[in-house]
Structure formats: structure tokens, C-alpha cells
Amino acid sequence: MLPFTEEHEALRESIRRFVANELRPHAAAWEEARWFPDEVFAKLAAVGFLGLKYPEEYGGQGGDYLHDAVLAEEMARCGSGGVAAGVGAHVGIATPPVWKFGTEEQKRRYLVPAIAGDKVAALAITEPGAGSDVASIATRAERVDGGWNVNGEKTYITNGVRAGFYVTAVKTTAQGGHHGLSFLIVDAGEGVSAAKLDKLGWHASDTATVAFEDAFVPDANLLGDEHEGFRLIMANFQWERLLMALGAIGAMEVALERTIAYTKERHAFGRPLTKHQAVRHRLAELATTAYTCRCVTYDALRRFAAGEDALCEVTMAKLATQRAAFEVIDACLQLHGGAGYMREYAIERMARDARLGPIGGGTDEVMKEILGKVMGL
């Protein structure tokens, strides 16, 4: 059963038009520049897409998770994994903790301008020595008069350069760990510096290392309860992983559309490629894989949106889609032949962008460990 209503499908058409008209025409230039302008956030905000699931009182559209799911899926059509990642990080992983756990004053100060596209948000959890093992976070916040001084380094932070504020996980006890971490909202400015990283894919996004050197954070910027930041980190993981699964199934759909069109037009041995049985059968296999991934993801999304404990299904969706997306897109590149290796064809970029999937948001290996625990192994 599809999780979407007619309203969600109408939104899909609106987002698809916006992406086709406002984003896709610029994708190649933004990839070349290894940056996309902040104006993209303002344009998305102007049509309400940065606040689909957020209450109207904060400038949102008063929708639900399914509205955001449509955005995540359709952003795969923008032609740049980096643009989709930058927007997705802002909407899907950096602002939700403020919405869920923030005080009214924090929501007014940070969520409202984020929904309006005036401030870009970044989630700062991963460190050089603490990736999936978030309990090993070393960035330290020490109590001072009126707040904290923060020292440490975060890495692989999407929107790290352009962010106006960082939702940041820090140690607030000497031991850290599950009951020694807190979340602080750290404003960009004095004591905060960012260095852009060079990557295999997602070229248009500003993935960065962010350093905190005696960065002062006032008491008012504690997000949630002190020492209970680990719970906040875990709270959004399911949604982040669902967004990644949705992006992957969207990317597979785009790759297949492009490859089917190409193989119908491209001739070899006197006839279109699709008139060769091997090509037809390969496309049939890829379409079946993509559809299977869509079914698994939609089932997990439906359960999550209904408020069920969907840890198992979401984890399966994340695990199933990420490696599959890379393999499907790589197979599509193969069907393009030499053209697939050329930057002129978007399939080359899609293959590079898809490779992060089995790593980001929790590696495939971490997903398997979670499932093993759920299964009582």
C-alpha cells in the first residue's frame, strides 16, 4: 500500500516542476564550481519547501513526514547529489532536533529563520575519531560564567562552511559517553572555523571540517537536557536513514529513465540496444531491483509516519537501498558504454554521488549490527 495521498502526489508534481525549472538547469555549473549559492535555500523557502513538516506558527506548511519524504525523493532529479545533500541536511537532519527538543525561544531564534531560508543549519556530530561510534565524541564543552567554552573538531559536516549555526554534540562530563553528551546550538562566528573538504562526489555541497576553539555558547543554547545528548542523536537517526533510502530510490528511478531512453536511441550492430536480448534482460533486472527497494522503503516510511516502532524496517530500507543504488547506477553507466564515463552524461556524476550511500548515516556494517540485535543475535 502506497503511503501517499492525492495531496502528497500534487505536492510531488509541484516539487518536480520546481526542480526541473530552478535547480536542474544549473546543476552542471554548480558541480563545476563545487558550490551552489545560498539563494537556493531562499528560493526553496519562498515556495514553502523548507518547512513542509513544520507547524505554521514557525513559518512552516503544517504538513507531515510524508510531505518531506516527497521532497527527498524528488530532489534526486536536481542533477547534483551535492545540492540534494545540502538541502537535505538543512531540512532533514539539522533542524529537526531544534523542532523536537528546542525551547520556544530557540525555535523562534533558529527554526524560524531556517524555514525562511535566512539561516542555513548544519548538524555537527561526526569527528575524526568518532564516526558511527558517537559515544566516543571528544569535543568538549566546559562550564564558564553564563555558558560553555567549546573546543574540538568535527568533520564531514554537510553545510559546514555556509552554516549560520551548528547543532553540535559535545562532551559535558569528563567521561562523555551515553550519559555525558549534550547538544549545543553553536552560532557561526568567533571561535568557529570551517575548511571545505574535497570529495569523490557531491561536489556542489560544502562538506567541511569545523573547528571550535574556545567558542562561547550561552546557557540559552543548550538543546534538550544536559548530559542527555545521546538520546537526541539517536532520535533522528531513523528519519535520516529513511531520507537516504528515499533519495536512493529516487536516484535509481532517474538513472533507469535516462538509461532506457539512451539504449532506445543508441544503435549497435544495426539496431537499437534495446533490441538486443542481453540489454533488455539487464534493464529488467535493474528495474526489479529498484522496485523492490521502493517497496521496502515505502513500507518503512508508512510504518514510521504512522508512529510505529519501525527501527527494523527503517534499518532494512537503509541497508537495502544504498548499495543497490550504487550498483544499479553503475550498471546503467555500463549500458552507456564509453559515453557513461564522460562528464557530458549525468550518469557519471550519479555513480560518484551514489557511492556515499553505504557509508553515510551509518555504514552498511552498522545497519547489519542493528538488525542483528533486533533479531536477538
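The crossing of helices H10 and H11 is left-handed, a term used when the near helix is turned anticlockwise from the far one by less than a right angle. This is a predicted model, in which local features need pLDDT of at least 70, side-chain atom pairs count only at pLDDT 80 or more, and totals for chains, interfaces and linings use all residues. Residues are numbered from 1 along each chain as its sequence is written, and side-chain values use heavy atoms, with hydrogens and water left out. Helices here are DSSP runs of H or I with at least four residues, numbered from the N terminus.

H10 covers residues 277–305, and H11 covers residues 311–335. The two pack at an angle of about 155°, with their axes 9 Å apart. Axes are lines fitted to C-alpha atoms over the stretch in contact, and angles run from 0 to 180 degrees between N-to-C directions. H10 is therefore roughly antiparallel to H11, the word for angles over 145 degrees. Contact means heavy atoms within 4.5 Å. On the H10 side the contact residues include Arg282, Thr289 and Asp299, and on the H11 side they include Glu313, Ala320 and Cys332. By class, this contact has 15 nonpolar, 3 polar and 4 charged residues. Ala, Val, Leu, Ile, Met, Phe, Trp, Tyr, Cys and Pro count as nonpolar, Asp, Glu, Lys and Arg as charged, and the others, Gly among them, as polar.

H10 also packs against H9 (residues 237–265), at an angle of about 155° and with the axes 10 Å apart. H9 and H10 are therefore roughly antiparallel to each other, and H9 passes H10 in a left-handed crossing. Among the residues that meet are Trp239, Ile249 and Thr263 in H9, and Val279, Arg294 and Phe304 in H10. The residues of this contact divide into 18 nonpolar, 4 polar and 2 charged.

H9 and H11 pack at an angle of about 25°, with their axes 8 Å apart. That makes H9 roughly parallel to H11, as angles under 35 degrees are called. Their crossing is left-handed, and the contact divides into 19 nonpolar, 5 polar and 2 charged residues.

A search of the whole structure finds 1 cavity of 30 Å³ or more. A cavity is a set of points on a 1 Å grid over the protein atoms alone where a 1.4 Å probe fits but cannot get out, and lining residues have an atom within 4 Å of a point. The largest cavity holds about 60 Å³ of space, a volume being the space filled by probe spheres set on the points, which are joined across faces, edges and corners. Its lining includes Ile93, Phe183, Asn236 and Glu240. Helix H8 (229–235) and H9 are the elements that give two or more residues to this lining.

Notes:
Angles under 35 degrees count as roughly parallel, over 145 as roughly antiparallel, 65 to 115 as roughly perpendicular and the rest as oblique. On a 1 Å grid over the protein atoms alone, a cavity is a set of points where a 1.4 Å probe fits but cannot get out, and a pocket is an open set with protein on both sides within 12 Å along at least five of seven lines; lining residues have an atom within 4 Å of a point.
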